[in-house]
Amino acid sequence: FRADRDLICASSACPDDIDPANGWQPTDIHVRIYGAEQNFPRAIAHRTTSEELPRMTKASGFHNRTSELTKKFIDYAGYWVANEYDGWGANAEYLACRERVAVLDLSALRKFEVVGPDAVAFLQYVLTQNVSRMAIGEIAHSAICLETGGMIDDGTIFRMGEQAYRWICGAEYTGVWMREKAEQKGFKVSIRNATEQLDNLAVQGPKSRELLSKIVWTSDSQPSVEKLKWFHFTIGRLSGPSGIPVMISRTGYTGELGYEVWCHPDDSPAVWDAVWQAGQAYDIAPMGFDALDILRIEAGLSMADHEFTHEITPFEAGTGFSVPLDNKQEDFIGRDALARQAPASRHKLMGMLLEGGDPAAHGDHVYNGRFPVGIVTSATYSPLMGKQLAMVRVAPDFAHIGKRLEVGKLDGQQKRLAGELVKLPFYDPKREKLLS
């Protein structure tokens with residue numbers, strides 16, 4: 001901890017100095033005083049497999065800037081990320097993204113470079129998406145499944161070149177699993193974890209294109225920010241042809257028009273400063289993960305351990321669009337299990353508009369009468385809609401728009417929250433803002 005007064009003395013002894021276990025013999029108390037310039041970062045130990053040494057919580061290249069604006073950080077996937085920012089708060093950050101522009105450090109996402117002569121064949125095997133149809137510069141969403149059809153992870157795949165791809169996902173273990181599959185099948189492919197060499201800053205909101213267009217230069221051979229299509233990326237530099245190299249992708253997790261700026265961690269402070277300074281003209285706001293959760297639920301976007309787990313298939317997680325069983329002829333892990341699952345038998349991810357002001361929570365059961373017919377996967381209050389929202393996975397017999405069901409609180413019987421099923425997403429159902 002860091003002293004917040006002139007001097008704080010702390011002692012730790014086991015047993016205590018006034019405990020009969022040590023015969024009531026007081027021990028010496030040693031006080032060590034550190035200068036204000038000393039830094040003692042807090043951290044939580046992580047390890048992906050039982051064999052590896054623990055790794056401590058890391059800070060991205062943007063942390064020096066974000067830590068000046070807030071002290072409210074949590075450990076997310078082994079990185080320190082801000083929950084919310086001082087002077088803003090989740091609601092103000094959310095509104096900035098919906099109405100203007102907001103920036104979010106998403107460097108905790110895992111990045112894996114998949115390169116080699118068998119890159120396409122390998123990705124066709126481990127991803128549900130048909131990557132062979134992708135053009136260089138294109139991005140696609142995909143799931144990674146077990147043989148049972150349950151999801152290990154999901155993410156986005158970038159086609160960087162003829163034999164080079166970049167897989168962006170949420171879990172460190174996904175890289176371990178991919179290497180194991182490549183070795184088992186003898187694919188000639190290199191899978192390198194590039195997470196620590198690549199930071200990314202999400203710039204999201206209706207003013208994001210206008211902002212980035214002012215500070216990102218692209219050559220004639222690359223699409224400009226103004227012309228960049230949804231789920232594509234371009235290569236450019238900050239403030240002119242001799243500026244910091246960056247990659248700009250038209251991606252995000254908010255349901256708004258938005259982009260991500262990718263750079264080396266050494267350049268992250270300068271990238272933040274450029275975006276932040278240019279954003280002052282648009283009343284830019286920093287955004288934490290609390291606001292992001294409201295945004296992604298309104299947009300009907302799935303999250304690990306909420307909408308999907310290793311027991312939930314992409315079709316039941318609301319990401320069945322990433323499993324093109326009809327136009328992908330190659331076999332992939334989980335294909336047989338997914339093909340055996342009759343569409344009419346699948347539980348369906350839907351939205352639920354709740355009446356009253358009481359919130360639902362992840363894990364609450366959804367009832368039709370006395371017995372449950374579904375479960376709440378995510379829930380939030382929507383400031384713009386003025387309603388409590390819930391994403392729910394419901395049995396096919398009850399998964400109908402307009403169907404009235406109840407969320408059970410306490411033991412599921414003593415308190416019920418009435419609501420009506422709707423189609424996802426809650427916000428911008430035609431995705432006009434996202435595609436604008």
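**The setting of Lys 409**

Modeller: The side chains of Lys 409 and Asp 364 are joined by a polar contact of 2.8 Å. A polar contact is a pair of N or O atoms within 3.5 Å; within protein, one atom must be able to donate a hydrogen and the other to accept it, and residues adjacent in sequence count only if both atoms are side-chain atoms. This is a predicted model, in which local features need pLDDT of at least 70 and side-chain atom pairs count only at pLDDT 80 or more, while totals for chains, interfaces and linings use all residues. Residues are numbered from 1 along each chain as its sequence is written, and side-chain values use heavy atoms, with hydrogens and water left out.

Lys 409 belongs to strand 21 (residues 404-409); helices (H or I, at least four residues) and strands (E, at least two) are DSSP runs numbered from the N terminus. Lys 409 counts as buried because its relative accessibility is 19%, where buried means under 20% relative accessible area, exposed over 50% and partly exposed in between (1.4 Å probe, protein chains only).

When neighbours within four places in sequence are set aside, Lys 409 is in contact (heavy atoms within 4.5 Å) with Pro 359, Ala 360, Ala 361, Asp 364, Gln 414, Lys 415 and Leu 417.

The charged end of Arg 416 sits over the ring of Tyr 367, 4.1 Å from its centre. Arg 346 lies over the face of Phe 315, at 3.7 Å from the ring centre. The criterion requires NZ of Lys or CZ of Arg within 6 Å of the ring centre and within 35 degrees of the ring normal.
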